[in-house]
Structure formats: C-alpha cells, structure tokens
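This report walks through one chain, from its overall make-up to single residues. The sequence and the model come first.

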Amino acid sequence: MLEQLLIFTRGGLILWTCKELGNALKGSPIDTLIRSCLLEERSGAASYNYDAPGAAYTLKWTFHNDLGLVFVAVYQRILHLLYVDDLLAMVKREFSEIYDPKRTLYNDFDDVFQQLRKEAEARAEEMKKSKQVSQPISNNMGKKQGQVQKSGIQGGNKKKSSGESGNDGEDGENVKGRKIENGHTNGKNFAADRLPSMGNVNGKENVSSNNGAFDVNKLQKLRAKGSKKVDTVTNKSSKEEPKKKVTKKNRVWDDSPKESKLDFTDPVGENGDENMVVVAADEGESMMDKDEIVSSDSETEEEEDAGKDSKIETKKKGWFSSMFESIAGKANLEKADLEPALKALKDRLMTKNVAEEIAEKLCESVAASLEGKKLASFTRISSTVQAAMEGALVRILTPRRSIDILRDVHAAKEQRKPYVVVFVGVNGVGKSTNLAKVAYWLQQHDIKVMMAACDTFRSGAVEQLRTHARRLQIPIFEKGYEKDPAIVAKEAIQEATRNGSDVVLVDTAGRMQDNEPLMRALSKLIYLNSPDLVLFVGEALVGNDAVDQLMKFNQKLADLSPSPNPRLIDGILLTKFDTIDDKVGAALSMVYVSGAPVMFVGCGQSYTDLKKLNVKSIVKTLLK
C-alpha cells in the first residue's frame, strides 16, 4: 500500500499531500531524501531506500523541471508496488495543468488523485494477470512448433507419392501460416514498442506481446551508434593533423631568496632547550589566512570551448535550423538532446581524475534536472548543460555546515576543555607533516597547541613529530612505541586539560583501509576519546582509489565501533595539491562519496603551505 504522496516546489513549499494516505511515517524519509539525495546531485538514481526503526521505505520521485516541482511517493519496501512510476507520471501530467505559482492550496486535486490511483492499480492488476496467462501460452506454442518440425522430418523420409505431395503442400501451408502468425505477432510487438501507453482494451495483448519481443529501440540505437562510428572514422581520416607534443611547464618558484641552511637538525642539549629557533619569524603568514585570487584564464578557455561546440552543432544540424532554434528556443529538452553534451562533460571530468562512477552519476543527475525544461532563446544546449553541471559541482563542494575551526576552538575553551583533532589516513600521505602545518596556523592565532604522538607502530614516527614540536616550540606528549594508541591519546587529553592547552592534535599510524586489526585500533581510539574533529588525510594524486579509501574507512569505523551511533569522518585534508596541475578530480570524488567537506589543502613542504579549498577555482578547472 502507498504510504504517502507529496508534491512540493524546489524551494521547499509543500503544495499538496494525500489526506487519505495520512499515515504517520516512521522517521523522516522525505527530509533524508532531500538532504542526502536531491541536494547531493544523486537524483539520477531510480529509487532511494530509507531504513527506520520498525519500518523500511522505498521512495521514488520525478521532476517537472519547467515548473520547478518535485513529486515523491513513499511505500513499504516489502510490497514492491508496480504502479508507482505510472502513478507519478499521471499525477505529474494532471497537476501541471492546474498548477498556478500564485496558489498554495490544491484541495480540489484529491478527487483527481483518487481516480488516477484507481487507474494505476487497475493497470498493475492487468499486467500481473497477463504475465500469468502469457507463460502457459508460450509453452504451448513451443510444443506446437516442435510437433510441426517432427512431422516435417517424417514426411521427408517417406517415399514420393501423390499422398506425399499433398502432405508436402499441407506442410508448406502450415509453414506459411506460421510465418504469417509470426508476422502478426511481430507487428503487434512493434506497435506495442512504438505505443507503450495504450488503453485498457488492448492492455492485455500489448503486455503479452512485449514479453517475447525484442527491443526495437535498442536496435535503432545500435544502428545509430554504428553510423556515428563510421562518420567519426571518415572525419578522422580526412582531417588528421599532426598533434603537438604536450610538454610539462617548468616549476616557477616564488622570488624569495634561497635558504642558506636546509638541515634543521641543530645540536641540542639534553633538555632540548638550548638552540631552539622560533619559526614564525622565518616562515611568515600561513596561506590559510590569505585570499586566493582566481585568474580569468579559465573563463576565456570556456568561451573558446563553447565556440567549438557551437561550430560542431552547426555542422551537424545545418545553419538555418540551428539559427532558428537559437532564436525561437527549443520547446522542451529531451534526453536525446542532452546526451552528446553530457558525454563530452563526462569525458572531461574523467580526464581531470574524477572517478568514472561519480562522473556518470553526476551526468545522470544533471540530465534529470534538465529533462523537460524549456531552452531559452539565444542559448545552446551545450552551454545550458555546462551551466547546470557548474551549479551541481558548486553545490557538492560547498560545505553544508560550518568549518570554522577557530570558532569551535574558542567555544571549547569557554567550556574549559581542549579541542581534539584526530588525523587518520593511509600510509605515506603526509599526516605528520600536515599536522605540523595545522599546528603552525593555530599558533599564529594565539592558540596553545599540544601534539600527541599516537603513532606507536611505524619506526621513527615519534622522532619525526618530536622534531616538528621542537621547531615550532610546541609541547608533545609521547609514550614511545608498542603502546595502545587509544590510551596514549586519552592520557594526552588529560595532560592538555591540566596544562591549559587549547587544542590537542593526535597523530595516528597510517593504515590501509583493508587492514582490520589497525582499523579496529583506530575505531577504539575514536570511541574512547570522542574527538571534536576526525580529519581524513588523503592525497590529491589518487583517482578511483580515493572512493575506495573513504568508503571503506567510513564503513570500518561504523562496523567496528561498539557505539550505536559511531563517529565517522568529519572533514578532509588534501595533500600534495601542488603536484597535480589540473587533475583536481580527487577533491570532487572524496566529497561526493563521504559528504565531508575539504577543510585544508596542503600545497608545499613548508609550514605555511596550507590553504583553504577555493570552490570556484576547482569547478572552473574541472570544466575547462
């Protein structure tokens, strides 16, 4: 049974709900759908499953992009209702005819919905009956064909006579009759494919014929693909030009004079206090506090690409038709119109190191948001698709919660407890180095920082963190190696509370996402100490592996935690961002998979090389 059907605008205004279906939904499936699916550009999916205590719902939806309406149906997952898609399509068609942007109440739509619901349920029942009837019919047809084939073989083995010639004639007539029967059935199937929504009278025949028919649309698509491939081959052979060899640009360093000394391992006394040097005077201001200026080069390149796309479209369509469409505007965008531009965008995202699965889901979501929308005058489809994709990328990369750590640190300070940050990640991504960068940035804002050496697994990890602490004049809490990192972190937090430290930065051992013993130890550390922030440190160099790392880290933290509400990854720190040129797709992949924002970006080797993620710059780089 249908639990709820809801119609609301993209702005969140509820226009109509079915009063007869006013069942109290357990949990908040609609809010969860909007928050975790529609707002995160996952609307290209067919359905969404929501689990609540004592209930499991399936949600299906459709859009009216021209009017900005969303239609959502909720039903129990165990029921497998067949008529929901058909009902949503009929409700969308009927409601769009009476929709008025100035109206907010549609009580008169109740009777219309009841009629539509009865029609959809009746069609679903007919489909069930026709499927049951079609199975024995197909079996009987198979038996009859087998009998005819046997009789033909027997007739061929007998001697020729006048009776045999008559039998042969009868067999020929039977074969002709069979061909005619097959021709009629194929014709019905083709008509059913051409007209999928027929009336109640022909419903049974159409459904039964569809079961055994081939898909004509797939055949047409294959033919179209074959013709496209031939065209592309001829074009490539006719217009082959020597490609210029792509050379990597030399690294341009800033104009600061070279440091005369690169070895900072100064000889110190036993206390470690004699030859300390304050780094703040040498390194300068952290890049976290500087505003990044986005160059306009990407905009000019976008305009050039748009010009190229328009030339390709004019070649395909012809000058007059493309000019007429650009002036008059296309009636409604269809999926076939969007496919070429979306395929080009998908390829472009994949070349920028975006995971293939994520690029495909993004294109499906953009197609769902544009399908049925009217194209404005003097606009091209490619520019419309690009603008929709740009808006989707900005929504994904823009944090949906506050990532102001300084404010959170002061709030924890008022409660007289330290703000705890745990750095997690795989091996060799730069957790200790970027922990020191974050400590340097916090130190510049007059915040007392303490480091906790909880990497008791890797050789040299404690000494590495001790060197950073000595350079930055920051206290460090350490217990050596082969200790329980969860206990070390707990004692470090207690020590910071006694000493009045504002922030505790916890360094953990690098671990692969499939290493269950180390993941269990990490889950224990997070569960025992309840940190304020769990930062995943990941390389900007990875592509598809970023998705696997984050998904498995979150999955292991959830599975191995004894708490019913486990802590997952809160934020992302991207390292080695200065080595990837324009391959910035890892940032998009990580945010899309986890929903956690990118809070820091490491872009060099010195303590000042830490900055915020510039969303506009990343989006322009992805789309250029």
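At 48% relative accessibility, Asp108 is partly exposed; that class lies between buried (under 20% relative accessible area) and exposed (over 50%), with a 1.4 Å probe and protein chains only. Its salt-bridge partner is Arg103, with the closest N and O atoms 3.4 Å apart. Arg103 is partly exposed too, at 29% relative accessibility.

The model is predicted, so local features need pLDDT of at least 70 and side-chain atom pairs count only at pLDDT 80 or more, while totals for chains, interfaces and linings use all residues. Residues are numbered from 1 along each chain as its sequence is written, and side-chain values use heavy atoms, leaving out hydrogens and water.

**Salt bridges**

A salt bridge here is a side-chain nitrogen of Lys or Arg within 4 Å of a carboxyl oxygen of Asp or Glu. The count by this rule is 22.

| Pair | N to O distance |
|---|---|
| Arg103 and Asp108 | 3.4 Å |
| Arg407 and Asp408 | 3.9 Å |
| Arg458 and Asp455 | 3.6 Å |

Asp408 is partly exposed, at 25% relative accessibility. Arg458 is partly exposed at 37%.

**Overall make-up**

The chain has 20 helices and 13 strands. These are DSSP runs numbered from the N terminus: helices are H or I with at least four residues, strands are E with at least two. Of the 624 residues in the chain, 39% are buried. Accessible areas come from the Shrake-Rupley method with a 1.4 Å probe; for residues, only the protein chains shown count as cover. A contact means heavy atoms within 4.5 Å. Among contacts between residues at least 6 apart in sequence, 74% join residues at least 24 apart.

**Nonpolar cores**

In soluble globular proteins, nonpolar side chains tend to be buried together. A nonpolar core is a set of buried Ala, Val, Leu, Ile, Met, Phe, Trp, Tyr and Cys residues joined through side-chain atoms within 4.5 Å. The largest core has 109 residues, and Leu505 and Phe600 have the most contacts inside it. Helix H12 (residues 381-397) gives the largest share of this core, 8 residues. Another core lies apart from it, with 25 residues, among them Leu69, Phe71, Met90 and Tyr99.

Leu505 touches residues including Val421, Phe423, Leu435 and Met451, not counting residues up to four places away in sequence.

Two strands pair if DSSP finds at least two bridges between them. Strand E12 (residues 598-602) and E13 pair in the antiparallel sense over 2 bridges. Gly602 has Leu610 in E13 as its bridge partner.

**Loops and positive phi**

Most residues other than glycine have a negative phi. Asn353 is not a glycine, yet has a positive phi of about 80 degrees. It sits in the loop between helix H10 (335-351) and helix H11 (356-370). Asn353 is partly exposed, with a relative accessible area of 22%.

Gln473, also not a glycine, has a positive phi of about 55 degrees. Its loop joins helix H15 (461-472) and E8. Gln473 is partly exposed, at 42% relative accessibility.

**A surface patch and a buried threonine**

Met1, Ile78 and Leu79 make a nonpolar surface patch of about 330 Å². Patches are made of residues with over 30% relative accessible area and no salt bridge; like charges are joined within 9 Å, nonpolar side chains (Val, Leu, Ile, Met, Phe, Trp, Tyr) within 5 Å. Ile78 lies in the loop between strand E5 (69-76) and helix H2 (84-98). Ile78 is exposed, with a relative accessible area of 71%.

Thr621 belongs to helix H20 (residues 615-623). Thr621 is buried, at 15% relative accessibility. Leaving out residues up to four places away in sequence, Thr621 touches Lys352, Asp582 and Val584.
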